[in-house]
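Here are some exercises to work through with the sequence and the model side by side. Try each task before reading its solution.

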Amino acid sequence: MKKIFVSILTMALAVSAMAQQSLWNNSQIVSPQVNPDGTVTFRIQAPKAIKVEVTGEFLAPTKLEIPNFGVFDVPGVAALTEGENGVWEYTTPEPVPGGFYNYNFQVDGLKMLDLNNMHVNRDVANLTSVLLIPGGIGDNFVVNSVPHGTVSKVWYPSEAGYNRRMTVYTPAGYENSKTKYPVVYILHGAGGDEDAWVTQGRATQILDNLIAKGQIKPMIAVFTNGNISQEAAPLEGSFSTGQPGMSAPKQMEGSFEKCFPEVVKYVDSHYRTIAKKTSRAICGLSMGGFHTLYLTINYPDMFNYSGMFSAAIGVSDPSVSPLYQNVDEKLATYFSKKPGLLWIAIGKTDFLYKANVEFRAKLDAAHYPYIYKETEGGHVWSNWRDYLVDYLQLIFK
């Protein structure tokens, strides 16, 4: 028995040593590497692999059809070539424009992170490696040498029956001034949480950089958790230890919208805000665009500016909440109060494109004013970051 135990222990140590050696070998590899000509090289050591690929937003998208749901743009895929010592490599054929890109390796079909890249993001339950390149739109996403705001994780009492967490950004200089600021509320999509826009969306870097360049007014930004059944992001609440997913309960059945005035009340009472409609804005992506629409029309005296990014529009059963009923009448009331801006943006290949076309047709038929932006691409963060950059420059004018 003792010999068997020693043999098993020896094998375990050998496997552990091999794993550590693999990690060590990968730690000596540079990936991703931005080359002088602007191309990017990706590398991974996988000596026993048969097929290695990289998939990411820097590659041309491909189509994925999900039955009964729609067609999605998904990141493209490129094959790596094996070289010496089992190191696989791929270099983009063209320079990669400045921007923020997520990517993963696929080793014999197994998705994995780039072991040489410490920069990792979570989007819902997916972990991705990050490539951040300055230049162009990418200059809005990098940490530049400018004054930086403060990002706080704030707990507030909720009608949901427990305290809930939100993220609050205050602009540079807030702590040392008596100035009052306008507030923008920025909402995430299905499966996201109060961390989504700060990590995947680079919203705080966008705010810092646009404020520093004088392109937007200094403002407070609030990022809520749109899943009313949750206290906070995964592992950040007393009962939020489960795996995050797209189908959390109570996402789009009226509870979040019903409770939202408590967020505005808390922010106005705990921060130096300009507590009036003309100094409040709201925007959101996908499910957050859905929430933005129904918050806007149900509380027509709350927000002067509203932005819908790739918005989910309409509900299959309006009876689930009175907040989703009498939409035409609520739109009429909202526009009768002459809001400052309704801004709608979506990509041409977004699976929600048709619903947005139909919603704009409703607005056009009633001659309601709005601004519309249509871009390439689909239901992706690369669009939503750009939309936020544009939207922020249109509010509080």
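**Exercise 1.** What span should the 12 residues of α5 have at 1.5 Å a residue, and how far apart are its end C-alpha atoms?

*Solution.* Before we start, a word on the source: this is a predicted model, where local features need pLDDT of at least 70, side-chain atom pairs count only at pLDDT 80 or more, and totals for chains, interfaces and linings use all residues. Residues are numbered from 1 along each chain as its sequence is written, and side-chain values use heavy atoms, with hydrogens and water left out.

Step 1: find α5, which covers residues 287-298. Helices (H or I, at least four residues) and strands (E, at least two) are DSSP runs, numbered from the N terminus.

Step 2: the expected span is 1.5 Å times one less than the number of residues, so the 12 residues of α5 should span 16 Å.

Step 3: the end C-alpha atoms of α5 are 16 Å apart, which agrees.

**Exercise 2.** Is α5 mostly covered or mostly exposed, and what covers its buried residues?

*Solution.* Step 1: use the cut-offs, with buried meaning under 20% relative accessible area, exposed over 50%, and partly exposed in between (1.4 Å probe, protein chains only).

Step 1: 12 of the 12 residues of α5 are buried, so this helix is mostly covered. Among them are Met 287, Phe 290 and His 291.

Step 2: look at what does the covering, which includes β15, α4, β17, β18, α6 and α7 (353-365).

**Exercise 3.** At what angle do the axes of α5 and α6 cross, and which residues make the contact?

*Solution.* Step 1: axes are lines fitted to C-alpha atoms, for helices over the stretch in contact, and angles run from 0 to 180 degrees between N-to-C directions. The axes of α5 and α6 (residues 327-336) come within 8 Å and cross at roughly 65 degrees.

Step 1: that makes α5 roughly perpendicular to α6, a label used for angles of 65 to 115 degrees.

Step 2: with contact meaning heavy atoms within 4.5 Å, α5 brings Tyr 294, Thr 296, Ile 297 and Asn 298, while α6 brings Val 327, Lys 330, Leu 331 and Tyr 334.

**Exercise 4.** Which strands does β3 join through bridges, and how many of its residues are buried?

*Solution.* Step 1: two strands pair if DSSP finds at least two bridges between them. 5 bridges join β3 to β9 (residues 99-107), running antiparallel, and Glu 53 stands opposite Gln 106 there.

Step 1: 4 bridges join β3 to β6 (residues 76-79), again antiparallel, with Gly 56 opposite Gly 76.

Step 2: 5 of the 5 residues of β3 (residues 52-56) are buried, so the strand is largely enclosed by the rest of the structure.

Step 3: Val 52, Val 54 and Gly 56 point one way, and Glu 53 and Thr 55 the other.

**Exercise 5.** In what order do the 8 strands of the open sheet come, and which stand at the edges?

*Solution.* Step 1: the order is β13-β14-β16-β15-β17-β18-β19-β20, with mixed pairing.

Step 1: β13 (150-156) and β20 (371-375) are at the edges, each with a single partner strand, so one side of each has no neighbour in the sheet.

Step 2: from one strand to the next, the twist averages 15 degrees.

Technical notes
Parallel < 35°, antiparallel > 145°, perpendicular 65-115°, else oblique.
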